[in-house]
Amino acid sequence: MPKTAIVTGGSRGIGEAIVRMLSKEGYNVILNYNKSEDKARKIQKEIKNIDIVKADVSTRKGAKDIVEITLNKYKNIDVLINNAGISQTKLFTDITDEDWNTMINTNLSSAFYMCQEVLPNMLHNKSGCIINISSIWGITGASCEVHYSVAKAGMDGLTKSLAKEVGPSNIRVNSIAPGIINTDMNKKLSIEDKKNIINEIPLEKIGEPEDVANAVKWLIGDSYTTGQIISVNGGWNI
Ligand code: NAP
């Protein structure tokens, strides 16, 4: 029987590449999106075994809706990819309460809500794989992205502690922490900015969404890796 996977923020960028990989691997894929309805519908037309669900994962209700729709149709959830995220560049002193709350809710509370909603099913099945897409900035910290870095460091903390708690139930929890990946999130960078970044990366290139999807593919096929933060960053931080 095909396995079922949920990907939050699957309408663009890294999430889209993960959705396409999972479909190729024979999964029933639940693609969650929030604003990019046209993109989600286009992907749905192009690939097999896919359902699209509009929901804002920064809210408990959004997470609940995605899981309820998935379980009504497929009964089980084998894989959860917490990928949805936003970024913002601001001096620390300019970050407003609203900026802070939006960042934490979208990039961190979303993973808390989604994990809590899928876990009863995974615990019942004594099986599951959760992957949090965090960031190099959660490990090293980024100037002018303090709220983003805090949210991603929090995600890695969730990964490590939850892995310990649910490991005895054969549920694995890991983070994949990308470096710089070629998506809309980085479209504001100038050619000069990109050149400067590439100069710091041993593999001398920016990553592609498929590089992250490949790491996800390996991790879901594995059975003995849990609680780890796996860097996919071309050696940018070693
Ligand atoms: P992206 O191209 O900007 O795509 C972001 C995705 O998140 C979109 O599908 C968007 O959906 C979804 N999303 C945002 N807010 C949401 C919400 N409230 N509810 C549901 N979905 C929401 O970004 P990306 O580069 O692919 O990033 C994906 C993940 O990788 C993020 O967590 C990001 O922090 C992380 N990451 C990216 C990089 C990088 O260099 N690109 C590096 C490290 C980590 P809609 O468009 O439908 O709203």
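Which atom does a polar side-chain atom of Lys-152 lie 2.9 Å from? Look for an oxygen atom of the ligand, 2.9 Å away from that side-chain atom. Before zooming in, note that this is a predicted model, where local features need pLDDT of at least 70, side-chain atom pairs count only at pLDDT 80 or more, and totals for chains, interfaces and linings use all residues. Residues are numbered from 1 along each chain as its sequence is written, and side-chain values use heavy atoms, with hydrogens and water left out.

View 1. A polar contact here is a pair of N or O atoms within 3.5 Å. For Gly-179, a backbone N or O atom is 3.5 Å from an oxygen of the ligand.

**View 2. The shell around the ligand.** Here you can find 30 residues surrounding the ligand, with Ser-36, Asn-83, Tyr-148, Thr-183 and Asn-186 the closest (near means a heavy atom within 4 Å). Sorted by class, the shell has eleven nonpolar, 14 polar (Gly counts here) and five charged residues.

**View 3. Pieces that build the shell.** Helix 1 (13–24), strand 2 (28–33) and helix 6 (146–166) each give at least two shell residues. Helices (H or I, at least four residues) and strands (E, at least two) are DSSP runs, numbered from the N terminus. The chain as a whole has eight helices and seven strands.

Notes: Polar contact = N/O pair within 3.5 Å; in protein donor to acceptor, adjacent residues only side chain to side chain.
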